[in-house]
Amino acid sequence: MPTYDYECEECHHIWEEQLLIVNRNDPLDKPCIKCYNEGSIKQKIGVPLFAYDNVASKGHTKKTPDWLTDKMKVIKEKSPGADFTIPG
């Protein structure tokens, strides 16, 4: 379900609601949830969340580059007892 951002033009309170697309204008006709002024709500433009999950795309692989693996080996040798694994 999409998330929409709203702001009261009177008190400038900003909040978000998860609503069906057909119900996205419902808060515009209701009083502010903080100051209770009617008719002062406007919908704000929201920025969608973007998350990079390291999915391999054309020309890229998930394999750890050799230079990074070599660097991690050197770090591990210089840090006895360090608890990390070298990705492979």
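Helices (H or I, at least four residues) and strands (E, at least two) are DSSP runs, numbered from the N terminus. Met1 counts as exposed because its relative accessibility is 64%; buried means under 20% relative accessible area, exposed over 50%, and partly exposed in between, with a 1.4 Å probe and protein chains only. Together with Leu20 and Val22, Met1 forms a nonpolar patch on the surface, with about 360 Å² of accessible area in total. Such patches are made of residues with over 30% relative accessible area and no salt bridge, where like charges are joined within 9 Å and nonpolar side chains (Val, Leu, Ile, Met, Phe, Trp, Tyr) within 5 Å.

A word on the model itself: it is predicted, so local features need pLDDT of at least 70 and side-chain atom pairs count only at pLDDT 80 or more, while totals for chains, interfaces and linings use all residues. Residues are numbered from 1 along each chain as its sequence is written, and side-chain values use heavy atoms, leaving out hydrogens and water.

**The overall picture**

Of the 88 residues in the chain, 15% are buried. The accessible surface comes to about 7,500 Å², and carbon and sulfur atoms account for 55% of that; these areas come from the Shrake-Rupley method with a 1.4 Å probe, and for residues only the protein chains shown count as cover.

**The sheet**

The three strands make an open sheet in the order S2-S1-S3, with antiparallel pairing. Strands S2 (14-18) and S3 (41-44) are at the edges with a single partner strand each, so one side of each has no neighbour in the sheet. From one strand to the next, the twist averages 35°, an angle between N-to-C directions on a scale from 0 to 180 degrees, with axes as lines fitted to C-alpha atoms (for helices over the stretch in contact). Two strands pair if DSSP finds at least two bridges between them. Strand S1 (residues 3-8) and S3 run antiparallel and are joined by four bridges, and Tyr6 has Gln43 as its bridge partner in S3.

The side chains of Glu7 and Lys44 meet in a salt bridge (3.3 Å, N to O). Glu7 belongs to strand S1 and Lys44 to strand S3, so this pair ties together parts that are 37 residues apart in sequence. The term stands for a side-chain nitrogen of Lys or Arg within 4 Å of a carboxyl oxygen of Asp or Glu, and by this rule the count is one. Ile14, in strand S2, touches Tyr6, Glu7 and Lys44, leaving aside residues up to four places away in sequence; contact means heavy atoms within 4.5 Å.

| Residue | Relative accessibility | Class |
|---|---|---|
| Glu7 | 11% | buried |
| Lys44 | 30% | partly exposed |
| Ile14 | 47% | partly exposed |
| His12 | 52% | exposed |
| Tyr36 | 61% | exposed |

**Two loop residues**

Most residues other than glycine have a negative phi. His12, in the loop between S1 and S2, has a positive phi of about 65° although it is not a glycine. Tyr36, in the loop between S2 and S3, is not a glycine either, and has a positive phi of about 65°.
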